[in-house]
Amino acid sequence: MTFSSDSRTQMEWKFSQVFGERPPGEDVHDVDIISAIGFDKSGDYLAVGDRGGRVVIFERKDGKLLNQKRSHRELELMDFTSAWHPDFQYKTEFQSHKPEFDYLKSLEIEEKINKLRWSATPNGSQFILSTNDKTIKLWKVKEHKVKKVKEMDPYPYVNSENALLAERSFITEKVTSSAVNGNHPEWTEKMALSMSLSQDIHSEITDIEDTAQTRCRKVYAHAHDFNINSVSTNSDGETFISADDLRINLWNLEISDQCFNIIDMKPSNMEDLTEVITSAEFHPNHCNLLAYSSSRGFIRLVDMRQSALCDHSAIILQDGDSHELKSFFTEIITSISDIKFSKDGRYMLSRDYMSLKLWDVNMDSSPVATYKVHEHLRPKLCELYDNDCLFDKFACGLSGDGLLFATGSYSSSDNKFLEF
C-alpha cells in the first residue's frame with residue numbers, strides 16, 4: 001500500500017495472502033496464508049497470524065522518526081497522515097499454536113490463528129492474546145538492547161581498582177619507590193593509559209541494536225465447547241472476554257484456570273436453538289460495557305453491572321427500516337459476521353454478507369448509514385448457496401482517526417475503503 005504525497009485518498013493497494021514477494025505461478029501453501037491481523041492501540045505495532053500457528057510482529061519506524069524531528073505544533077499544522085506512507089519493519093516472530101488432538105471428543109484442533117488482540121503495556125512490555133479454535137494464550141513481547149562487539153581491545157591493561165590492588169601484592173619488598181598515594185608509579189601510569197584507551201575504543205567497537213524476546217505467560221484452555229470466534233481485551237487492562245457460538249466468558253489476565261460465564265445462549269433443548277453468537281467486542285472506554293452480534297442480524301449492548309448473567313439485560317440494535325422481501329436466504333445474508341467500535345465508542349460498524357452498516361449506539365431502531373458491498377451478487381444467491389460461498393465471513397475495521405473503515409470482498413479490486 002502506498003500513499004500519494006498530495007492526497008491521502010490516492011492509494012495503491014496490493015493483494016497478498018502471504019508474507020514476502022513470490023514469483024507469479026508459485027504455489028501458496030495453506031499454512032502460510034494469513035488468517036488474523038491486529039494493531040495495538042497506538043498503531044505502532046502490527047501482529048499477523050497465519051494458518052500455521054505463527055505470529056509475526058511488525059514495528060512502525062517512520063512515524064517514530066518523524067515525531068522526534070518535528071514539534072507537536074508542526075504536526076498539527078501539516079496534513080501529517082498524507083505526507084508519508086506507513087513503514088512497518090519486521091520485529092520478531094514466534095510459534096503460538098501447534099496442532100493438537102482432543103482425545104475425549106476424537107477431534108483434531110488445527111493450529112490456525114483465529115484472533116489476535118493486544119493488551120495493556122505496563123513497564124514498556126507488549127502483551128498479545130492469540131487464539132486458535134480452543135486455546136487462548138497470553139504472550140509477552142519484551143524489548144531489550146544487544147551490544148555486538150566488532151573487534152577486541154588491543155590494550156588489555158588492568159583498569160579495575162580491585163585488580164590493581166591485587167597486582168600490588170606481588171610487588172617484592174625490594175621495590176621501595178612509591179607515589180604519595182601508595183601506588184607504584186609504573187602501575188599508576190599503566191592504569192591511566194588503560195582507562196583512556198578503553199574509553200576511546202568502547203565507542204568504536206560496540207554496536208547496539210533493538211531486539212525482542214517472546215514468552216508465553218498464560219494459557220487459557222478447556223473453557224469452550226464450540227470454536228472460539230472472538231477475543232476482546234477490556235479497557236481496564238485486567239480482563240478480557242472470549243466468545244464461541246453459544247457462550248461468552250470473562251477472564252482475568254492473571255488467572256488462567258478460572259473464568260466466569262456471563263452470557264449463555266444454549267437452550268435446554270438444542271432443537272429450540274434459533275441464533276448463535278457471531279462476534280463480541282468490549283467498549284473501548286467503558287469497562288462495564290460490551291457488545292455481541294448474532295446470526296439473526298441483531299447487535300446487543302450489555303452492561304455487566306446490571307446482573308452477573310447478562311443474557312436479558314441488553315439494548316438491541318436492529319435494522320427496523322429494512323423492507324426487503326423475505327426469502328429463503330434472508331436469515332443467511334443478514335447474519336452479522338463482525339462488529340467493531342469506533343475509537344470513542346459512539347459508533348459501531350457491522351458487516352453482514354451483503355452490506356456494511358454504521359450504527360449510532362444511542363439509536364437502536366436503524367443504522368445511520370448502509371453501504372452495499374455485494375448487491376451485485378443478489379441475483380446469484382442460489383448459486384452461492386450451492387457452493388457454500390453464501391456462508392463466507394467478512395471482517396471490518398475502522399482507522400485510528402475514525403474517518404475511514406474497511407471490509408473485504410471476493411476480488412482484490414473490490415475491497416472497500418470508505419469515508420464518512
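1. Serine 106 is exposed, with a relative accessible area of 56%. In this predicted model, the residue sits in the loop that joins strand 7 (100–102) to strand 8 (107–109). Its backbone deserves a look: phi of serine 106 is near 50°, a positive value in a residue other than glycine. Most residues other than glycine have a negative phi.

2. Histidine 222 also has a positive phi, near 60°, and is likewise a residue other than glycine. Histidine 222 is in the loop between strand 12 (206–220) and strand 13 (230–233). The relative accessible area of histidine 222 is 82%, and the residue counts as exposed because that value is over the 50% cut-off.

3. Strand 10 (residues 126–131) is a buried element. Of its 6 residues, 6 are buried, so the strand is largely enclosed by the rest of the structure. Which residues cover its two sides? Gln126, Ile128 and Ser130 lie on one side, with Phe127, Leu129 and Thr131 on the other, and all are buried.

4. A partner of strand 10 is strand 9 (residues 115–118); the two pair in the antiparallel sense over 4 bridges. Within this pairing, leucine 116 stands opposite serine 130 of strand 10. Serine 130 belongs to the side that also holds Gln126 and Ile128.

5. How many salt bridges does the structure hold? The count is 17. One of them joins the side chains of glutamate 281 and arginine 117, at 4.0 Å from N to O. This pair links distant parts of the chain: glutamate 281 is in strand 17 (residues 277–282) and arginine 117 in strand 9, 164 residues apart. Both glutamate 281 and arginine 117 are buried.

6. A further salt bridge is formed by the side chains of glutamate 254 and arginine 217, with an N to O distance of 3.9 Å. Here too distant parts of the chain are linked: glutamate 254 is in the loop between strand 15 (247–252) and strand 16 (255–264), arginine 217 is in strand 12, and the two are 37 residues apart. Glutamate 254, at 51% relative accessibility, counts as exposed because it is over the 50% cut-off. Arginine 217 has a relative accessible area of 28% and is therefore partly exposed, being between the 20% and 50% limits.

7. The side chains of arginine 247 and aspartate 225 meet in a salt bridge of 3.7 Å, N to O. Arginine 247 is in strand 15, while aspartate 225 is in the loop between strand 12 and strand 13; the pair links distant parts of the chain, 22 residues apart. That loop is also the place of histidine 222. Aspartate 225 is partly exposed, with a relative accessible area of 45%.

8. Lys105, Asp225, Arg247 and Asp264 are linked in a network of salt bridges.

9. Which residues form a negative surface patch? Glu383, Asp386, Asp388 and Asp392 do. Among them, aspartate 388 is in the loop between helix 6 (381–386) and strand 25 (396–398).

How values were computed: Residues are numbered from 1 along each chain as its sequence is written. This is a predicted model: local features need pLDDT of at least 70, side-chain atom pairs count only at pLDDT 80 or more; totals for chains, interfaces and linings use all residues. Side-chain values use heavy atoms; hydrogens and water are left out. Buried means under 20% relative accessible area, exposed over 50%, partly exposed in between (1.4 Å probe, protein chains only). Two strands pair if DSSP finds at least two bridges between them. Patches are made of residues with over 30% relative accessible area and no salt bridge: like charges are joined within 9 Å, nonpolar side chains (Val, Leu, Ile, Met, Phe, Trp, Tyr) within 5 Å. Accessible areas come from the Shrake-Rupley method with a 1.4 Å probe; for residues, only the protein chains shown count as cover. Lys and Arg count as positive and Asp and Glu as negative; His and the chain ends are not counted. The place of a charge is taken as NZ of Lys, CZ of Arg, CG of Asp or CD of Glu.
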